[in-house]
Amino acid sequence: MINKKDMSERDICTKYITPALLKAGWDIQLQIMEEVNLTKGRVIVRGNLHTRAKNKRADYILYYKPNIPIAIIEAKDNNHTVGDGMQQALSYAEICDVPFVFSSNGDAFLFHNKLAKDGKIEKEVTLDKFPSPLELWQQYCESKRIDKTQEAIITQDYYVDGSGKAPRYYYTAFQIIWRLWKSKARKRILFLVDRNILADQTKTNDFKPFGSVMTKIKKRQADKSYEIYLSLYQAVTGTEEEQNIYKQFSPDFFDLVIIDECHRGSAKEDSNWRAILEYFTSATQIGLTATPKETKEVSNIHYFGDPLYTYSLKQGIEDGFLAPYKVVRIDIDKDLAGWRPEKGKRDKYGNEIEDRIYNQSDLDKKLILEKRTELVAQKISEFLKATNRYDKTIVFCENIDHAERMRQALVNENFDLAAENDKYVMRITGDNEEGKAELDNFINPESIYPVIATTSKLMSTGVDAQTCKLIVLDQTIQSMTEFKQIIGRGTRINEDYDKFYFTIMDFKKATELFADPDFDGDPVQIHNPGPDDPPVPPDDITDDPPEDSPEPTIIDIFPNGGDEPPGVIYRFVVDDVPVKVIAERVQYYGKDGRLMTESLKDYTKNTITKEFKSLNDFLKYWSDAEKKDAIIHELESHGIFFEALKEEVGKDYDPFDMICHIAWGQPPLTRRERANNVKKRDSFTKYGVIAKKVLDALLDKYADQGIKHIEGFNVLTIQPLSAIGTPKEIVDAFGGKDNYVTAVHELEQELYRISA
């Protein structure tokens, strides 16, 4: 019989933990899930390469019903104590929001009960006394004071699409509505949005399972025969009382109202949103937003109360569900230093330019430098040509006029692809029907065109651009809310289309907002500014403009001596002022959520020296590893990309040499040099003719292809090893499988010997 101390963690699970659960009445098909991936593992980006960090995986999740978790178990082998896995299990329990947590080494269970009322939060439980599903569930309901009506809602099944995918641990609007509707806790539901595209996307995609009971309110008609209603709030309100279509419904018609993007209008006391919410005041109301707005004038918390659930961008990236980003900051001379026209300077249309200094805030608003527009288009195109010219790209411009001029400049920079398809670059703005008609194609992963979209406000929120890989900021952004919305256009991951991260190319210093502590913090309500403080904080100077708000009339002629009529902006258009890039740098999203600027070599050195105090520590770790390829894979999961390092250090160097050279200044050797050194030392005289021939072949294989190609037994089935004999004949030449493994390990020790 195998000693328990010699069992692996998996053996402990199979022989002790799972039988204890079955004895307690847990259903192995419906209630017990082993090795459950809670997260995907953070995407780490260096250059054009990416990898994933280790994901968080629970040994066991116990469910009262499918997708309703109630307990976590963390298992350890028997060389650990019963409670060694508890802290790890508690972190998983926090993610899943479960109250019952267990740790076990196969001897017993340590039970952590977050709902305990007797002061004994933790106690040891023998294997044969593990609580049943009903015991834990009753304890949960009693502690939370859940009555039978509430229990029916809580235990309502999630929607399952048949794909086998389980819902992630954070919730979505659809699942909330689905479970409330299916449990009949809420019968008629209104989903309010402020942009048509949000209603259409929701109806076509997420809400599709509601089928024939769902409708979108349009043409200002109120059909009362449906159960799920989607509406643009402008479609049910108006400036005149008779235009308020929502009043055709009785105040108690809806018992649930969901407000999407609630930061935009619903928080304002004098908004049309608020009038609708106050009319349906008897309904449960839920506000959803990725960017809570908290100022004296506008507050989500003031109306909706404290958030019931918050899932931050930083957490989403850390979990690996949202895409990280790298930032390319490009500074242009006229943006930083400003520009003052010489006396009497006229623009391209012959208008004398007002004599003053024009700075970045004036560009593309009051002053158009055409060569600047061309330079920005050139830098965007250079980036795409160096990566992939068909990567979906959104260019955020100052206004519709700027978006149109940028479209023209990008067409000229990409004349070859624009000639093949005139939808390669398109302006997608609220005033252009042709552009808006292509928005669905832009966000459709299967549609190639349009590739590049220039816009101003239309695409800044709610556009589900799953495969957008480049976001260009040539827009002055002072609002944190608007900044978060724009960044959100790139945060979707789509592995089927190789979308794991995205790039932000910033020409207007907008990414300085990343340094703002409010960028990814919890919302904080601001109640009472001081007497000398402005009523609205500087990061929220104005509210977000509605989708189709008309832009001011653009007049590119400045009538000398004339007054500017209201709503008109005069812009000088200058075509003969040269501009140039004066600074360009790349920053990466770091593990702590901050942008960092450092070379791959610096990152590698810092990572390695944090993990290993000295070269000797690393050498011991490398030498003791059963498989060197496992170490390489582990280091790659921490963002050390050996393929990229080859370009900086040398293509024929082993990862071992790259690390020792970068971290501790050791002279690197090529793989061929290492292999030849072993041959010169004639280290394998104790082996027979065939065995020595095999080891020489392995050395040559290593010199040509690297260490991972000689570890394992598959190498024996390919040339040049297969020419020596069958795998069995080769292993027999060493006296058996164990001896062969020992010989390969000795070969590796010789390969990585460092001379004194």
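## Close-up views of a predicted model

**View 1. The neighbours of I177.** Which residues does I177 touch, leaving aside those up to four places away in sequence? They are I189, F191, F207, F210, I228, L256 and I258.

**View 2. Helix α5 and its surroundings.** Welcome to a helix that is mostly covered, with eight of its ten residues buried. The buried ones are A173, F174, Q175, I177, W178, R179, L180 and W181. What do these buried residues of α5 pack against? Their partners are β5 (68–75), α4 (148–154), β9 (189–193), β11 (228–232) and β12 (256–259). After α5 comes K184, which has a positive phi, near 65 degrees.

**View 3. Two aromatic pairs.** A pair of aromatic rings is described by how far apart the centres are and by the angle of the planes. In the model, the count comes to 47 aromatic pairs. One of them joins F102 and F109 in an edge-to-face arrangement, with 6.1 Å from centre to centre and 80 degrees between the planes. F102 counts as buried because its relative accessibility is 0%, under the 20% cut-off. F109 is buried too, at 0% relative accessibility. Turn next to W622 and F656: their ring centres are 5.3 Å apart and their planes meet at 50 degrees, so this pair is tilted. The pair links distant parts of the chain, with W622 in helix α19 (residues 615–624) and F656 in helix α22 (residues 655–664), 34 residues apart. W622 is buried at a relative accessible area of 2%, and F656 is buried at 1%.

**View 4. An aromatic cluster and charges over rings.** Here Y226, Y229, Y246, F249, F253, F254, Y279 and F280 come together as one aromatic cluster. Over the face of F253 lies R188, at 4.2 Å from the ring centre. Another arginine to look for is R179, which lies over the face of Y158 at 4.1 Å from the ring centre. R179 is also one of the buried residues of α5.

**View 5. K484 in helix α17.** Is K484 buried or exposed? K484, which lies in helix α17 (residues 480–487), counts as buried because its relative accessibility of 19% is under the 20% cut-off. K484 and S460 are 24 residues apart in sequence, and their C-alpha atoms are 9.2 Å apart in space.

View 6. The protein has an average pLDDT of 84, and 87% of its residues score at least 70. Where is confidence highest, and where is it lowest? Strand β6 (residues 100–104) is highest, at a mean of 97, while strand β21 (residues 553–555) is lowest, at 45. The pLDDT is below 50 over residues 521–567, a stretch with 87 contacts in the model beyond near neighbours in sequence. Where pLDDT is low, predicted coordinates should not be read in detail.

Key:
Residues are numbered from 1 along each chain as its sequence is written. This is a predicted model: local features need pLDDT of at least 70, side-chain atom pairs count only at pLDDT 80 or more; totals for chains, interfaces and linings use all residues. Side-chain values use heavy atoms; hydrogens and water are left out. pLDDT is the predictor's confidence in each residue, from 0 to 100. Helices (H or I, at least four residues) and strands (E, at least two) are DSSP runs, numbered from the N terminus. Contact means heavy atoms within 4.5 Å. Rings of Phe, Tyr and Trp (its six-membered ring) pair if their centres lie within 6.5 Å; planes under 30 degrees apart count as stacked, over 60 as edge-to-face and the rest as tilted. Buried means under 20% relative accessible area, exposed over 50%, partly exposed in between (1.4 Å probe, protein chains only). A charge sits over a ring if NZ of Lys or CZ of Arg is within 6 Å of the ring centre and within 35 degrees of the ring normal.
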